[in-house]
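Here is a short report on the structure shown below. Keep the model open while you read.

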Number of protein chains: 2
Amino acid sequence: MKYNFGAGPSILPQEVFKQAAEAVLNFNNTGLSILEISHRAPEFEAVVDEILQLVKDLLNIPEGYSILLLQGGASLQFSMVPMNILAEGQTASYLDSGVWSSKAIKEAKLFGNVNIVASSKEANYTYVPRDYEIPADSAYFHVTSNNTIFGTELFDFPKTDVPIVSDMSSDIFSRVLNIADFGLIYAGAQKNMGPAGLTLVIVKDDLIGKSGRKLPSMLDYKIHADNKSLYNTPAVFSIYASLLNLRWLKAKGGVAQIEKENIAKSEALYAEIDRNPLFKGPCNVEDRSRMNVCFVMENPELDKPFLKFAQERGMVGIKGHRSVGGFRASIYNALPITAVHALIDVMQEFADNNA
Amino acid sequence: MKYNFGAGPSILPQEVFKQAAEAVLNFNNTGLSILEISHRAPEFEAVVDEILQLVKDLLNIPEGYSILLLQGGASLQFSMVPMNILAEGQTASYLDSGVWSSKAIKEAKLFGNVNIVASSKEANYTYVPRDYEIPADSAYFHVTSNNTIFGTELFDFPKTDVPIVSDMSSDIFSRVLNIADFGLIYAGAQKNMGPAGLTLVIVKDDLIGKSGRKLPSMLDYKIHADNKSLYNTPAVFSIYASLLNLRWLKAKGGVAQIEKENIAKSEALYAEIDRNPLFKGPCNVEDRSRMNVCFVMENPELDKPFLKFAQERGMVGIKGHRSVGGFRASIYNALPITAVHALIDVMQEFADNNA
């Protein structure tokens with residue numbers, strides 16, 4: 001038995017793997033593989049229609065937003081966001097709460113002025129900064145809602161009239177959001193949405209074209225919005241597998257239900273980290289991520305022995321990112337609470353052996 | 001029995017579908033799905049190493065070229081090519097041989113001057129222009145080697161000192177090439193390489209960075225080359241399924257062998273088009289594509305009856321593109337000659353019924 005705590009590409013539900021494998025052999029009884037279906041076939045247009053509707057329903061997206069299915073990951077959005085909504089000479093404000101924030105900042109600087117409202121870099125990003133000012137003339141305010149590497153999450157988005165742009169790659173579909181609070185949300189699919197190769201963008205229509213720049217077609221939100229994400233051949237299989245995953249989420253009760261489970265899973269694991277004398281959490285308690293649970297050992301000499309002990313018991317992907325060290329258990333939507341309990345058992349057994 | 005003549009995403013070998021489906025359930029006996037494997041896992045790095053080596057071996061790529069596995073399709077390359085290799089104020093020369101050429105031209109104009117050396121647009125792209133001049137000061141010369149929509153193919157690339165850039169989306173891996181003749185080759189994967197969602201770029205190292213522009217990281221060939229296409233999360237599944245397909249091609253005898261089969265398949269089908277009194281080929285005979293065989297009916301009133309007749313006999317994806325009309329049979333590497341014979345039988349049977 002393997003328990004996949006990988007940070008992404010990450011676990012998806014077993015039934016999604018099963019249905020996706022079936023579609024690779026025979027998609028919807030067409031006698032053809034999903035890998036050889038034309039993206040212009042009515043059967044695939046139905047897939048696109050259904051996934052757009054599911055994203056809209058699951059996230060309760062109001063009218064006035066476009067939902068785009070793109071390629072290139074969040075990393076390409078780091079550039080597409082300023083290209084599309086930051087006009088020449090304007091300033092965008094950014095919160096620097098981790099490696100991905102700082103990469104987004106670096107890319108935005110190519111297209112305009114960047115104002116960093118606050119940074120937790122000096123504390124190795126162990127907390128999410130609070131009490132900063134967002135200048136009212138900012139074209140937008142950018143945040144990373146969940147810092148996959150450092151295990152912090154932003155639970156209270158600031159109140160501001162500036163459009164909020166959020167990279168939600170690692171917490172989209174994990175918690176209830178009020179979409180109307182955001183101007184733009186983007187996410188690489190490969191955590192809670194589906195396999196790698198797909199990028200979700202949810203953008204308020206009045207922001208599209210705001211930069212006034214003449215853009216390459218493939219980097220222009222307007223082109224993709226006007227073409228219902230079928231301007232060119234999309235990532236057909238990743239879209240289909242994501243549809244299967246979002247159907248699973250809906251059948252489970254949707255985002256509100258999964259949020260409850262995510263709270264229960266993360267609380268159980270953090271309780272063990274706080275209780276177990278061998279482990280501690282490096283992050284500010286209030287900012288602890290429900291998706292990526294980072295923990296280190298009181299005695300770093302036990303790092304390797306614990307990793308080996310856990311791997312032998314089926315734990316996959318728990319090594320921490322090199323910039324934090326220690327361990328990271330990513331506990332995305334599809335990871336069952338039994339996996340969290342299995343990890344807690346391993347932590348307890350290891351503590352007993354090393355008392 | 002279905003025969004998939006779709007223009008792309010298109011048929012892949014049945015054994016690739018079978019192996020890909022198995023990997024969605026259990027990748028290489030890891031106990032994990034290929035959809036939940038980290039792109040930083042040693043098992044996936046081995047996949048990347050193997051596919052890069054296979055591309056190199058199958059196409060006989062000499063030293064001095066980088067092989068990149070990107071996202072966004074050929075459509076994004078329409079912009080990335082000039083961004084990366086056309087400096088401010090320079091001119092690039094383009095051959096306009098079809099819809100995709102003209103889209104590439106449109107995107108390039110955002111980044112510099114475009115010189116169209118010749119165009120067959122006035123003849124609805126039924127031939128590939130010959131006898132044009134490529135100005136020696138062109139930064140590069142761009143061609144579409146196979147025109148998927150119009151069914152023409154460029155068999156003799158011009159001799160020039162200007163670096164040749166070729167969109168080979170629909171004929172890469174179908175015929176032997178002398179890679180040293182090219183500065184850059186790009187291809188959306190979804191014909192002869194693998195599923196949609198992956199883009200192959202083969203670029204001569206001395207062209208990388210030639211434009212001198214400061215580029216977004218994700219649009220910079222240098223970043224991808226320096227990071228062995230793992231700068232960010234790539235299209236994991238599409239890469240793996242493409243690896244399976246290229247292994248199949250290698251086991252079959254490689255590109256030289258498949259080229260022989262492609263010649264045999266296309267000759268058989270064109271022979272029937274020329275022989276059968278009901279059909280004719282709209283393209284210049286010398287330029288007829290071996291990948292996309294376009295044909296129309298002498299009497300267009302028979303279009304619908306023939307389409308219905310063929311579909312009832314399992315022929316999929318043979319409707320012609322709206323800009324040509326009639327029919328198009330795409331006969332990519334994975335389409336067995338038995339499928340071509342089945343289509344010929346259908347054409348003959350229909351002709352007998354309508355004699």
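## A buried lysine

Lys191(A) is buried, at a relative accessible area of 11%. Buried means under 20% relative accessible area, exposed means over 50%, and partly exposed lies in between (1.4 Å probe, protein chains only). This is a predicted model, in which local features need pLDDT of at least 70, side-chain atom pairs count only at pLDDT 80 or more, and totals for chains, interfaces and linings use all residues. Residues are numbered from 1 along each chain as its sequence is written, chains are lettered from A and ligands numbered from 1 in the order in which they are written, and side-chain values use heavy atoms, with hydrogens and water left out.

Where does Lys191(A) sit? Its place is the loop between β9 (184–188) and β10 (199–204) of chain A. Helices (H or I, at least four residues) and strands (E, at least two) are DSSP runs, numbered from the N terminus. An unreviewed UniProt entry lists Lys191(A) under "modified residue: N6-(pyridoxal phosphate)lysine". UniProt positions follow the numbering used here, feature names are shortened, and annotations may be inferred rather than shown by experiment.

Not counting residues up to four places away in sequence, Lys191(A) touches Ala7(A), Gly8(A), Ser10(A), Ile11(A), Leu12(A), Thr148(A), Ser169(A), Ser170(A) and Tyr332(A). Contact means heavy atoms within 4.5 Å.

## A listed binding-site residue

UniProt, again in an unreviewed entry, lists Arg40(A) under "binding site". Arg40(A) lies in the loop between α1 (14–25) and α2 (42–59) of chain A. Its relative accessibility is 43%, so Arg40(A) counts as partly exposed. Leaving out residues up to four places away in sequence, Arg40(A) touches Glu45(A), Leu230(A) and Tyr231(A).

## Backbone exceptions

Most residues other than glycine have a negative phi, and most peptide bonds are trans. The table lists some exceptions.

| Site | Feature | Value | Loop |
|---|---|---|---|
| Gly8(A) to Pro9(A) | cis peptide bond | omega near -5° | Pro9(A): between β1 (3–4) and α1 of chain A |
| Gly8(B) to Pro9(B) | cis peptide bond | omega about -5° | Pro9(B): between β1 (3–4) and α1 (14–25) of chain B |
| Asn29(A) | positive phi | about 55° | between α1 and α2 of chain A |
| Tyr125(B) | positive phi | about 55° | between β4 (113–119) and β5 (141–144) of chain B |

Tyr125(B) is buried, at 5% relative accessibility.

## An enclosed strand

Now look at β2 (residues 65–70) of chain B. Six of its six residues are buried, so β2(B) is largely enclosed by the rest of the structure. Tyr65(B), Ile67(B) and Leu69(B) are buried on one side, and Ser66(B), Leu68(B) and Leu70(B) are buried on the other. β2(B) pairs with β10 (residues 199–204) of chain B over six bridges, in the antiparallel sense. Two strands pair if DSSP finds at least two bridges between them. Within this pair, Leu68(B) stands opposite Val201(B).

## A three-stranded sheet

Chain B also holds an open sheet of three strands, in the order β11-β12-β14, with antiparallel pairing. Its edge strands are β11 (279–280) and β14 (327–330), each pairing on one side only. Two bridges join β11(B) to β12 (residues 292–297) of chain B. Lys280(B) stands opposite Val296(B) in β12(B). Helix α7 (residues 254–275) of chain B packs on the sheet and touches β11, β12 and β14; its direction makes about 10° with that of β12(B). Axes are lines fitted to C-alpha atoms, for helices over the stretch in contact, and angles run from 0 to 180 degrees between N-to-C directions.

## Two chains

How is chain A superposed on chain B? A rotation of 180° does it, with 0.0 Å of shift along the axis and an RMSD of 0.0 Å. That is the relation of a two-fold axis. Ala21(A) has the C-alpha nearest the axis in chain A, at 2.2 Å. The same surface serves both copies, as 100% of the contact residues of chain A recur in chain B. Copies are superposed by least squares on the C-alpha atoms of residues with pLDDT of at least 70 in both.
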